[in-house]
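Hi everyone, thanks for coming. Let me put the structure up, and then we can walk through it together.

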Amino acid sequence: CFDALHGALGDCSCNVDTIDYFNNVKIFPRIQSLVSKDYFRFYKVNLKKECPFWADDSRCAMKYCHIKTCSKESVPGFENDYENELEEEPPALKYSQEAQTPCNSDADHDPALGYLNMTLSVASQFEIAKWKAYDDSVGNFCDCDDKDAEAEYVDLSLNPERYTGYKGTSAHRIWRSIYEENCFRPKVNPYKSFPYVLSSDLGNMCLEKRVFYRAVSGLHTSINIHLCSKYLLSEKKLGFAAPPEGEWGPNLAEFQRRFDPSQTFGEGPNWLKNLYFVYLLEMRALAKAGPYLEREDYFTGNPVEDEETRDAIRNMLGVIYTFPDHFNESSMFNGGSPAAKLKQEFRDHFWNISRIMDCVGCDKCKLWGKLQTQGLGTALKILFSGQWDSFDEEAEKGRIVLRHKAHKRLQRTEIVALFNAFARLSNSIRELENFRNMLSSHTDGQ
Ligand code: FAD
């Protein structure tokens, strides 16, 4: 599986080995320490937003989904939801054939695993009140769901991304809807079901559409690597109401099932390469917005911690600037009005994907799914909105001028999502190294 991973990555001049070294040695320790700081630890998110595409099936993803309230739940027609709830009509939005499927008995995961710890210490509640006042006092860039009345702060450190047992119909409906309805598809795959897209067909697509697919697939890879590297190895029940205490660790067999070419129609190594690809994309966004990010306040109300955070940001960005082979977004969306139309479609498709996250039927998966799509969305905005281009040029010349500052302002949640999403990708690449080592000692031992 890993033999195929060396060498060229495709769609950029970079190769896998360069990224492995750069990430594992230079980026990984820095970004992990950075996201443990208070500013990045608390993410404001609305996990109660209704799924706009099909009837909420969150209980269907739970172990006891077959109870009658779930199977009898009314399924509103998609068109009604669509007209009532969406102001803007995204062209890529399509009715999911599965929308009227009742709960399915193969969705049997343990609800306790997807349990979300919403605890915030008194100290952090106090800090958050100060941040809120501060955030409200500055202009915001876009309308994210952190403004929703139902949005809440979640302490990411108390809710690590790991195996939750979310699978079956509900999880597949999300991924299928993403690939089949909201990615640009080369053509319908002959196997009808899995894999949704065959990498061998990607060559027939233009660069922009390929980039879109590879970014989404890379995100999918990262999520699945995390559930393999923090798999539930054993479980101790502590009592009726308390969540069980688990022992978490890497599961090599699970990793092989998901990425070995012989078990994935040959796609596993391509999916792994897509992880590196989306990593490059997000890293380029950080570099491009770097001069701006270096000047953010990272305000939490604790001057000492804030200064440390700013130092850590400058230090990490300084390392990122030295990366020799950054993704080159300037070759994309060139060519007049067809390119502008394509860019609009690109944005609309991504917008849909971010809304599909409201349909994820496991709270913890939804939390990390939303955070990582928002992080990727922020990266795409930095790369393709055009607002950061002149900024970048001036930074390169050493003349950093904050022109149109109000438009360039990122919201706090966007910054938190951007760095945390990148930290997840960095962690996945690091975890791959662990699996690689496990695999070679496993093979040596045979
Ligand atoms: P899936 O991962 O469900 O994939 C479905 C099909 O997509 C595969 O059969 C394959 O053909 C194709 N595919 C797989 N990987 C790729 C790729 N990288 N690129 C392109 N195509 C691919 N589970 C957890 O335990 N913890 C989590 O935190 C978690 N978070 C999730 C977040 C979201 C947004 C979603 C939708 C799901 C999440 N899940 C999580 C569930 C997890 O991703 C899988 O769906 C689940 O484990 C079932 O896996 P599977 O083997 O059936 O294949």
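Which residues come nearest to the ligand? Of the 28 residues around the ligand, those are Thr-164, His-172, Ser-217, His-220 and Arg-258; a residue counts as near if one of its heavy atoms lies within 4 Å of the ligand. Please keep in mind that this is a predicted model, where local features need pLDDT of at least 70 and side-chain atom pairs count only at pLDDT 80 or more, while totals for chains, interfaces and linings use all residues. Residues are numbered from 1 along each chain as its sequence is written, and side-chain values use heavy atoms, with hydrogens and water left out.

Now for the polar contacts, meaning pairs of N or O atoms within 3.5 Å. Ser-217 has a side-chain N or O atom 2.7 Å from a nitrogen atom of the ligand. For Tyr-179, the side chain places an N or O atom 3.2 Å from a ligand nitrogen. Asn-224 has a polar side-chain atom 2.8 Å from an oxygen atom of the ligand. The protein buries 92% of the 940 Å² that the ligand exposes when taken alone (Shrake-Rupley method, 1.4 Å probe).

Where does the shell come from? Helices here are DSSP runs of H or I with at least four residues, numbered from the N terminus. The helices α6 (168–182), α7 (207–229) and α8 (252–259) each supply at least two shell residues, and α7 gives the largest share, with seven.

Finally, the whole protein: buried residues, those under 20% relative accessible area (1.4 Å probe, protein chains only), make up 53% of its 446 residues.

Conventions: A polar contact is a pair of N or O atoms within 3.5 Å; within protein, one must be able to donate a hydrogen and the other to accept it, and residues adjacent in sequence count only if both atoms are side-chain atoms. Buried means under 20% relative accessible area, exposed over 50%, partly exposed in between (1.4 Å probe, protein chains only).
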